[in-house]
Amino acid sequence: MTPATHKWTAADIPPQAARLALITGANSGIGFHTALELARARCGVILGCRDRIKGDAARTRILAQVPAAHVEVLPLDLASLESIRAAADRFLSTGQHLDLLINNAGVMALPRRQLTRDGFELQFGTNHLGHFALTGLLMPAVLSPGPISGAPMSRIVTVSSIAHRGATMDLANLQWERGYRPWPAYRRSKLANLFFGFELERRLERAHAPAISIVVHPGVSNTNLFASGPGQGRSLIAKLTPAFIALFAQSDAQGALPTLYAATAPEIRGGRFYGCDGFRQMYGYPVEVRAETQAYDEALAARLWEISENLTGVQYRLPERQS
Ligand SMILES: NC(=O)c1ccc[n+]([C@@H]2O[C@H](COP(=O)([O-])OP(=O)(O)OC[C@H]3O[C@@H](n4cnc5c(N)ncnc54)[C@H](OP(=O)(O)O)[C@@H]3O)[C@@H](O)[C@H]2O)c1
């Protein structure tokens, strides 16, 4: 972890006028606060949401605080490749450049094994494969020339978790057909986020592409994630989890800071991991952190990439390297 004397907050976000961000899962929690603070800094924000009513409500909440904000809702269900393709097509048809893609949406520790529309285990399918497909499809907009010459490079920020620690990446059982367990499945999806974000950076760098890829984690933050995931379990511990988190975790606004830092701070470098500076990185202010050693396994990341291309049918088209 790098020492930080200055505690970075949303007040440090540089002006974002004429920039555009797409945030997945922006109707609640960390995604909502990411969108709100970007909008406050005059970034145009597109809320990628699976539920239109929740998306519209989030838009209204942002406009209540930032009346001049440019906010749109983009229907996007990351548990459906058809929906992801429709969302990407809709965005690409506008011809807009995408400055920031925030891969934030997620589901956690679902008590029973569930599947996406395409038959992927729901956590791996939503958290990793959905974002893998979305990012690949939006790459033309990310890499297109922006409206302002000399503007900062586009950034792709993927939200992982300290829960990646201790994950196993069993490539032969990615869909958990054998031995499904809620937390190991979540851990693996979050390790996959790290593999993806780091491998994407290596590929962008090799292609000399005008974008960087960064991975972040929000510590432990009080959001709907706990009620909608582990809170659905039958045990008393499961039922009490959301209340326990509400008592002890940091706020969702604080949890959005590492994402906002990675998306906007000038000192950010591609291929790095940013989290929180508190005890065991569970809370605090944004700093660069190190992921568990296995997250830097380039051979495994490349294999997961290839498998992800095959499963989603999305091939990344990066420019040929310019010498
Ligand atoms: N909170 C924490 O302590 C914590 C810790 C580590 C990492 N994270 C990560 O932070 C990210 C944001 O989660 P959060 O804590 O802010 O929880 P949250 O409030 O539950 O937000 C999750 C968002 O993802 C959306 N989502 C879920 N499945 C989706 C799908 N199939 N398609 C599109 N959107 C979908 C949810 O939409 P609905 O409202 O429609 O369900 C919601 O907007 C996740 O990637 C999570 O893994 C959170």
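1. A helix here is a DSSP run of H or I at least four residues long, numbered from the N terminus. On that basis, α1 gives the largest share of the shell around the ligand, 3 residues. The model is a predicted one.

2. Three helices each supply at least two residues of the ligand shell: α1 (29-40), α4 (122-143) and α6 (225-228). The shell is made up of 32 residues, and those that come nearest to the ligand are Gly25, Gly29, Gly106, Ser161 and Thr223. Sorted by class, the residues around the ligand are 17 polar, 11 nonpolar and 4 charged.

3. Helix α4 also packs against another helix. The axes of α3 (residues 81-92) and α4 come within 9 Å of each other and cross at roughly 20 degrees. Since angles under 35 degrees count as roughly parallel, α3 is therefore roughly parallel to α4. The crossing of this pair is right-handed.

4. On the α3 side, the contact is made by Leu81, Ile84, Arg85, Ala88, Phe91 and Leu92. The α4 side contributes Gly130, Ala133, Leu134, Leu137, Leu138, Pro140 and Ala141. By class, the residues of the contact between α3 and α4 are 11 nonpolar, 1 polar and 1 charged.

5. Helix α9 (residues 257-264) is mostly covered, with 8 of its 8 residues buried. The buried residues of α9 are Leu257, Pro258, Thr259, Leu260, Tyr261, Ala262, Ala263 and Thr264.

6. Two backbone angles deserve a check. Most residues other than glycine have a negative phi. Histidine 208, which is not a glycine, has a positive phi of about 55 degrees. Its place is in the loop between α5 (182-206) and β6 (211-216). Is histidine 208 buried or exposed? With 12 other C-beta atoms within 10 Å, histidine 208 is exposed, because the cut-off for exposed is 12 or fewer.

7. The second case is arginine 280, also not a glycine, with a positive phi of about 50 degrees. Arginine 280 is found in the loop between β7 (273-276) and β8 (286-289). How many other C-beta atoms lie within 10 Å of arginine 280? The count is 10, so arginine 280 is exposed.

Notes:
Residues are numbered from 1 along each chain as its sequence is written. This is a predicted model: local features need pLDDT of at least 70, side-chain atom pairs count only at pLDDT 80 or more; totals for chains, interfaces and linings use all residues. A residue is near a molecule or strand if its C-beta atom, placed from the backbone, lies within 6 Å of it. Ala, Val, Leu, Ile, Met, Phe, Trp, Tyr, Cys and Pro count as nonpolar, Asp, Glu, Lys and Arg as charged, and the others, Gly among them, as polar. A residue is buried if 20 or more other C-beta atoms lie within 10 Å of its own, exposed if 12 or fewer, and partly exposed in between; C-beta atoms are placed from the backbone. Axes are lines fitted to C-alpha atoms, for helices over the stretch in contact, and angles run from 0 to 180 degrees between N-to-C directions. Angles under 35 degrees count as roughly parallel, over 145 as roughly antiparallel, 65 to 115 as roughly perpendicular and the rest as oblique. A crossing is left-handed if the near helix is turned anticlockwise from the far one by less than a right angle, and right-handed if clockwise. Two residues are in contact if their C-beta atoms, placed from the backbone, lie within 7 Å.
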